[in-house]
Amino acid sequence: MSNKEVLLQPGDVIYSSKSLSTFLVGHCGIVGHDNRIYHSHPKGAFADTVKQYKSRHPHGGRVTLLRPLRGGEKSASWAQDNIQHVTSYSFHPHLSNKQKNYCSKFVWQAYWFSLEEDITGRDLTNKRRWWIRTPLIRYSPGFSEIGVWEIADL
């Protein structure tokens with residue numbers, strides 16, 4: 001996914017497939033206005049360049065670029081403004097909690113808190129207790145797939 005192939009847009013979601021690099025569960029992040037990928041990771045909360053994001057996948061895998069059908073600009077702003085609130089990588093079920101966070105919950109929150117829209121299509125709100133698993137982001141009706149690349153090709 002070099003910049004020559006696809007220009008990332010604010011609000012795009014980067015989904016990394018299930019692999020050893022993602023602890024066999026997948027991973028995702030949201031693209032900000034600065035082309036950085038904002039994501040909650042077991043090692044912390046990050047605003048990575050594509051190269052830095054790639055380095056977090058030492059065992060390879062695939063990356064899918066998902067483009068939002070609407071609201072990308074606002075959601076990208078929310079992600080940039082709120083990444084610093086993530087203090088621990090935790091599968092905490094309160095969807096309103098920004099401190100105890102994980103990758104797919106952070107992406108869900110970016111869309112919920114900027115648009116008040118549940119991108120999973122399950123009528124969730126920030127008042128619910130739920131786990132936002134990565135496939136709920138990957139197969140969200142709120143995104144279209146732009147392309148799929150091997151990590152090595154990034």
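Leaving aside its neighbours within four places in sequence, with which residues is Ser 96 in contact? In this predicted model, the residues that Ser 96 touches beyond that stretch are Gln 109, Phe 113 and Asn 126. Ser 96 itself is placed in the loop between strand E6 (88-89) and strand E7 (100-101), and with a relative accessible area of 38% it is partly exposed. Although Ser 96 and Phe 113 are 17 residues apart along the chain, their C-alpha atoms are separated by 9.1 Å.

**The sheet and its helices**

Six strands form an open sheet in the order E4-E3-E2-E1-E5-E8, and their pairing is antiparallel. Strand E4 (44-48) and strand E8 (143-150) stand at the edges with a single partner strand each, so one side of each is left without a neighbour in the sheet. From one strand to the next, the twist averages 25°.

Two helices pack on this sheet, H2 and H3, and the table sets out the strands that each one touches together with the angle to strand E2.

| Helix | Residues | Strands touched | Angle with the direction of E2 |
|---|---|---|---|
| H2 | 72-82 | E2 (27-31), E3 (37-41), E5 | about 105° |
| H3 | 103-115 | E1, E2, E3, E5, E8 | about 30° |

**Ser 16 in strand E1**

Within the sheet, strand E1 (residues 13-16) and strand E5 (residues 62-68) run antiparallel and are joined by four bridges. Ser 16 lies in strand E1, where it stands opposite Val 63 in E5. Ser 16 has a relative accessible area of 0% and is therefore buried, since that value is under 20%. The side chain of Ser 16 is joined to that of Tyr 53 by a polar contact of 2.8 Å.

**Lys 105 in helix H3**

Lys 105 lies in helix H3, and although this residue is buried, it has no salt bridge. The nearest side chain of opposite charge belongs to Asp 118, which is 13 Å away. A polar atom of the Lys 105 side chain does, however, lie 3.0 Å from the backbone oxygen of Asn 97. When neighbours within four places in sequence are left aside, Lys 105 is in contact with His 92, His 94, Leu 95, Asn 97, Lys 100 and Ile 132.

Key
Residues numbered from 1 in each chain as written. Predicted model: local features only at pLDDT ≥ 70, side-chain atom pairs only at ≥ 80, totals over all residues. Heavy atoms only, no water. Pairing = 2+ DSSP bridges. Axes fitted to C-alpha atoms, helices over the stretch in contact; angles between N-to-C directions. Contact = heavy atoms within 4.5 Å. Buried < 20%, exposed > 50% of the residue type's maximum accessible area, 1.4 Å probe, protein only. Lys, Arg positive; Asp, Glu negative; His and termini not counted. Salt bridge = Lys/Arg side-chain N within 4 Å of Asp/Glu carboxyl O. Polar contact = N/O pair within 3.5 Å; in protein donor to acceptor, adjacent residues only side chain to side chain.
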